[in-house]
Amino acid sequence: MQRLHQLNEIKQAIQEHALVLLLIKTSQCGVCESIQAKAASLLESHAAVRGIYVFMEDAPDTAAEYLALAAPTLLLFFQGKEVYRESRFVRFEELEQVLYRYEEASEEI
């Protein structure tokens with residue numbers, strides 16, 4: 001997963017890639033680190049998905065823009081639109097099924 005620092009970088013990544021998984025986290029959060037490690041591992045088998053993350057401290061406007069009221073918040077974007085959201089407790093089995101579904105949809109386009 002690539003670290004970004006500003007809201008405009010995040011918006012650009014979401015527009016440039018069909019599938020983007022965004023993690024919004026804080027620097028002093030053990031759960032955030034665990035979620036990021038699991039998400040990065042999951043993305044290894046999903047080459048079509050661009051993984052990015054941002055620290056709320058670096059870009060508080062990002063948390064406001066995407067209404068991330070808790071950390072960690074994981075958002076999946078498909079063709080620029082949010083299609084999946086999880087905060088704090090991420091169900092990775094469900095996330096993987098969602099990723100497969102949207103990867104298939106992006107191949108059909």
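The entries cover the conventions, then a residue, then the helices.

Conventions. I worked from a predicted model, in which local features need pLDDT of at least 70, side-chain atom pairs count only at pLDDT 80 or more, and totals for chains, interfaces and linings use all residues. I number residues from 1 along each chain as its sequence is written, and side-chain values use heavy atoms, with hydrogens and water left out.

Entry on F77. I find F77 in strand β4 (residues 73-78); strands are DSSP runs of E, at least two residues, and helices runs of H or I, at least four, numbered from the N terminus. F77 counts as buried because its relative accessibility is 4% (buried is under 20% relative accessible area, exposed over 50%, with a 1.4 Å probe and protein chains only). Leaving aside neighbours within four places in sequence, I list I14, A18, L19, V20, L22, Y66, E82 and V83 in contact with F77 (heavy atoms within 4.5 Å).

Entry on α1. In helix α1 (residues 7-16) I note L7, I10, A13 and I14 as buried. These fall within an arc of 125° seen down the axis, so they line one face of the helix; the arc is taken over directions from the helix axis to the C-beta atoms. Q15 and E16 are exposed on the other side of α1. The buried residues of α1 pack against β2 (19-25), β3 (49-55), α3 (60-65) and β4.

Entry on α2 and α4. I checked which residues meet: I35, K38, A39, L42 and L43 in α2 against F92, L95, E96 and L99 in α4.
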